[in-house]
Amino acid sequence: MMLTLPLMHAPLLGVLLSLLIAGMAGCGGAPTPPASERPASAAWLLDAAEARLATRHSARIVGRVEAYQGGERVRLRQVLLVQRPGSLRLETLSPFDVPLQVVMTNPRAVIHYDVQREAYRSGPPTASSLATLLPVRLSPPDLVRTLLGGVPSEGFRWDHAATPTWDRRRGAWRVEGRGPGGEGVSLWFRHASWALAGVEARDEAGAFAWGVDTALWQQGPGGEADAYPRAYRLRVRGEGLDLSLEIERYDREVELMEELFELEPPFGVTPHPL
């Protein structure tokens with residue numbers, strides 16, 4: 001039986017994104033930052049993350065994927081292009097760089113094309129359409145926001161008045177909220193840069209449902225303010241999926257043409273709905 005990745009049956013991050021190596025959530029046992037450097041409230045921290053996101057509009061990410069599902073493992077390569085507000089192109093390649101799958105989102109559609117099977121599907125640019133391809137329920141704009149280090153917003157509610165707590169195991173600030181379906185959601189933010197470092201959702205019983213973690217952060221030209229992750233880990237309990245993406249190349253603020261996020265059915269291929 002062949003392992004079926006989210007991209008292939010129905011990637012992120014999918015990814016993701018990402019997107020997103022046991023212990024990859026951060027630095028275990030990280031000391032609590034000084035009181036003078038702590039965020040005053042969740043509202044302040046969310047605003048800081050939004051201000052950081054305002055300086056980020058696009059990225060090109062190239063990496064190697066290792067995924068475990070149902071006791072089996074696959075290794076692939078992925079090229080991910082993201083551009084705000086909601087354009088994404090996720091291309092899955094074999095270890096020999098043979099195109100296998102491509103998922104695209106743009107303001108008009110979510111598209112999936114299985115190159116080997118010549119199967120083309122598309123649907124409206126909604127969280128429901130994307131959920132048929134990815135195991136996390138995020139709208140295309142929220143997926144792009146998350147991959148660029150921002151906070152998902154459509155249907156999410158955060159406890160703005162609460163004081164963020166320091167998670168020593170992850171080495172990050174934690175904020176609590178609710179997802180579109182009322183499920184509990186936790187966010188983790190890096191100290192000082194206030195970039196989103198992880199997301200975790202729980203089911204109605206409070207048990208882990210899915211999560212995306214980041215790790216191996218590398219500082220950019222501006223130091224921590226320009227830091228970006230070199231690895232993502234995605235776990236989905238219901239799918240039995242554990243997927244890691246090791247980033248080989250991360251290019252920020254690249255110029256991406258709209259045509260990269262669009263794909264008409266190839267000649268002779270009959271389109272089907274998602």
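Figure 1. Arginine 77 counts as buried because its relative accessibility is 13% (buried means under 20% relative accessible area, exposed over 50% and partly exposed in between, with a 1.4 Å probe and protein chains only). Aspartate 97, at 42% relative accessibility, counts as partly exposed. Their side chains meet in a salt bridge of 2.6 Å, N to O (a side-chain nitrogen of Lys or Arg within 4 Å of a carboxyl oxygen of Asp or Glu). Arginine 77 belongs to strand S2 (residues 72–83) and aspartate 97 to the loop between strand S3 (87–93) and strand S4 (99–106), so the pair ties together parts that are 20 residues apart in sequence. Helices (H or I, at least four residues) and strands (E, at least two) are DSSP runs, numbered from the N terminus. A network of salt bridges links Arg64, Arg77, Asp97 and Glu248. The structure is a predicted model, in which local features need pLDDT of at least 70 and side-chain atom pairs count only at pLDDT 80 or more, whereas totals for chains, interfaces and linings use all residues. Residues are numbered from 1 along each chain as its sequence is written, and side-chain values use heavy atoms, with hydrogens and water left out.

**Figure 2. Salt bridge between arginine 145 and glutamate 50.** A distance of 2.7 Å, N to O, separates the side chains of arginine 145 and glutamate 50 in this salt bridge. The pair links distant parts of the chain, with arginine 145 in helix H4 (residues 140–147) and glutamate 50 in helix H2, 95 residues apart. Arginine 145 has 12% relative accessibility and therefore counts as buried. Glutamate 50 has 33% and counts as partly exposed.

**Figure 3. Salt bridge between arginine 89 and glutamate 91.** The two side chains meet at 3.3 Å, N to O. Both arginine 89 and glutamate 91 are buried. In total, the structure holds 22 salt bridges.

**Figure 4. Largest nonpolar core and the surroundings of phenylalanine 189.** The largest nonpolar core has 54 residues, and Val82, Leu88, Leu187, Phe189, Trp210 and Tyr250 have the most contacts inside it. Helix H2 (residues 42–53) gives the most to this core, with six residues. Such a core is a set of buried Ala, Val, Leu, Ile, Met, Phe, Trp, Tyr and Cys residues joined through side-chain atoms within 4.5 Å. When residues up to four places away in sequence are not counted, phenylalanine 189 touches residues including Leu45, Leu46, Ala49, Val151, Trp173 and Trp194 (contact means heavy atoms within 4.5 Å).
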